[in-house]
Amino acid sequence: MSGTTTPATRRAAGVPRHRRYPRHRRPRGRHAPALGAAGGANRWVVLFVLCVSLLLVALDATVLHVAVPAVSEDLRPGAIELLWIVDAYPLVCASLLILFGTLGDRVGRRRVLLLGYALFGAASALAASATTPQVLIAARALLGVGGAMIMPATLSILRQVFPDRRERARAIGIWSAVAAVGAAVGPLLGGFLLEHYWWGSVFLINIPLMAVALPVGRWLLPESTGDRGGPWDVLGALMAAFGLFGLVLGVKRAGGGAELLTPGTLGPALLGAVLLGFFVRRQRSLPCPLVDLRLFARPAFGVSVGCIVLALLALVGLELIAAQYLQLVLGLTPLETGLRLLPLTFAAMGAGLAGSRLLHRLGPRVMVASGFTLTAAAVLVLTGMGETDRPAVLVSGFVLLGFGLETTLFGAYESMLNEVPPQAAGGAAAIGETSYQLGAGIGIALLGSVMNAAYTPRVTAAPGVPGGVATEAGQSLGVAYEVADRLGGRSGQALRAAARHAFVHGLHVTLTVSAGLLLLGGLAALRLPRAMECGAAPGEDRAEAPAGREKVTADSAR
């Protein structure tokens with residue numbers, strides 16, 4: 001016996017883990033020693049991998065916008081098909097976030113994330129090679145499924161590998177800055193690729209990146225699951241998916257200009273609302289629900305989710321209107337429009353990177369309320385936009401807007417995640433991302449309606465323009481320009497001038513309404529906690545923090 005050693009004696013002697021066991025006897029899977037925070041310093045490498053995957057998803061959400069004309073010319077889709085080509089990705093993604101977020105909590109977040117990588121890459125190849133509108137729509141829907149797997153998994157794994165709140169706040173700042181970069185770079189990258197290649201190249205760039213991310217993620221990312229105390233609620237997950245699909249579809253149709261009370265708009269929204277109502281009722285009655293609805297009773301969680309909705313509601317529709325202003329009123333190209341929006345992106349990046357320090361000094365309440373107030377001030381500055389180019393107003397307004405919005409979203413996301421125990425991180429991340437999507441959809445519908453209400457009457461009442469023609473021009477500024485070109489002469493010039501003036505007036509009204517919504521968000525943020533508490537999350541055993549009930553295992557392939 002004197003010539004033998006056991007794993008315990010080798011551990012006591014300081015022998016490295018990989019030398020304590022013969023290769024065939026090393027612990028695997030759930031029997032492996034707990035990895036804690038993803039192996040110490042490696043957590044920042046894990047963050048890098050998560051940010052790369054998030055960047056691809058954020059890029060794909062906006063890169064197609066500039067490729068729509070080229071797709072229309074090549075595939076010749078109908079109006080409905082073109083709408084589905086654009087909307088299939090966000091619609092499917094928003095519908096499945098809760099399903100895959102909670103599934104990751106049960107079967108493993110890394111497993112769901114890697115499946116999302118593989119599906120995203122395969123769907124990108126299908127989209128790039130599409131020869132019919134139907135194939136492209138199917139590929140975009142599959143991209144939405146992959147995106148729904150990736151997005152909540154990145155945030156829940158981030159919650160797991162950064163148990164210390166201060167470090168996690170810094171990581172969330174980097175994560176949110178990458179998301180802002182992806183959303184802004186998408187149109188710029190798409191414009192560059194379209195100038196040199198065919199439209200399929202905007203999808204093709206995903207394939208090599210996903211081919212690298214898949215093995216790297218399998219090697220570096222830790223696996224984790226939440227509490228497996230009960231079965232996964234398949235019926236509830238399907239209720240949430242179909243309910244969100246119907247609700248988001250109705251909101252998107254309303255935002256796209258469809259009549260609100262038509263069966264195609266009201267029907268899906270009502271059906272979705274009913275299904276979500278049954279989902280809520282079912283979750284309250286289950287001993288092991290998909291989503292613990294009691295979280296919403298905690299101010300730090302429920303108010304944070306509401307702040308995310310309000311921030312996106314007030315600004316996403318405004319962003320689309322601002323893009324139309326830059327292109328149709330100032331006459332900029334899509335690439336020039338993207339460059340004009342870069343100050344907003346850089347300011348958002350700065351706010352994300354500085355968010356951890358700001359949160360530590362100000363606390364969630366002051367930080368989020370100040371972010372809303374600063375964003376409202378930026379929106380009011382932008383009311384100085386007129387029918388002529390005013391670069392100083394645009395740059396100053398966009399810088400304040402980017403910094404204020406990112407400060408708001410950073411504080412809200414961080415407070416929401418901190419309020420959730422690690423075993424429920426996937427479901428909480430899915431709720432945050434779903435609120436983001438819903439806020440964006442409702443904002444486009446609401447602010448688009450405000451814009452139309454201010455724009456249309458002024459165009460239809462334009463002097464010197466025939467009534468029928470003026471009614472057609474009242475649909476949008478782009479349509480008004482087409483009608484003015486057909487008319488020609490003084491009538492065409494009068495219609496063009498009246499439409500530009502009406503659009504700028506409508507923009508000012510919409511900005512004012514947006515500022516009011518943002519100030520309401522600032523008032524709601526006053527219910528958030530005053531200080532940044534760095535202890536264990538609610539529901540987490542403080543004696544065992546930060547691990548709690550979280551099950552984390554090393555990758556068995558290592």
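This is a predicted model: local features need pLDDT of at least 70, side-chain atom pairs count only at pLDDT 80 or more; totals for chains, interfaces and linings use all residues.
Local features need pLDDT of at least 70, side-chain atom pairs count only at pLDDT 80 or more, and totals for chains, interfaces and linings use all residues. Residues are numbered from 1 along each chain as its sequence is written, and side-chain values use heavy atoms, with hydrogens and water left out.

**Exercise 1.** Determine how α6 and α7 are oriented to each other.

*Solution.* 
- Locate the helices: α6 spans residues 109-128 and α7 spans residues 133-161.
- Take the geometry: the angle is about 155° and the axes lie 8 Å apart. Axes are lines fitted to C-alpha atoms, for helices over the stretch in contact; angles run from 0 to 180 degrees between N-to-C directions.
- Apply the cut-off: angles over 145 degrees count as roughly antiparallel. Therefore α6 and α7 are roughly antiparallel.
- Sort the contact residues: 19 are nonpolar, 6 polar and 2 charged. Here Asp, Glu, Lys and Arg count as charged; Ala, Val, Leu, Ile, Met, Phe, Trp, Tyr, Cys and Pro count as nonpolar; the others, Gly among them, are polar.

**Exercise 2.** Describe the packing of α6 against α10, and name residues on each side of the contact.

*Solution.* 
- Take the geometry: α10 covers residues 206-220, and α6 packs with α10 at about 160°, axes 9 Å apart.
- Assign the orientation: this angle makes α6 roughly antiparallel to α10.
- List the contact (heavy atoms within 4.5 Å): α6 contributes residues including R110, Y117 and F120. From α10 come, among them, N206, M210 and R218.
- Sort by class: 9 residues are nonpolar, 4 polar and 2 charged.

Terms used: Helices (H or I, at least four residues) and strands (E, at least two) are DSSP runs, numbered from the N terminus. Angles under 35 degrees count as roughly parallel, over 145 as roughly antiparallel, 65 to 115 as roughly perpendicular and the rest as oblique.
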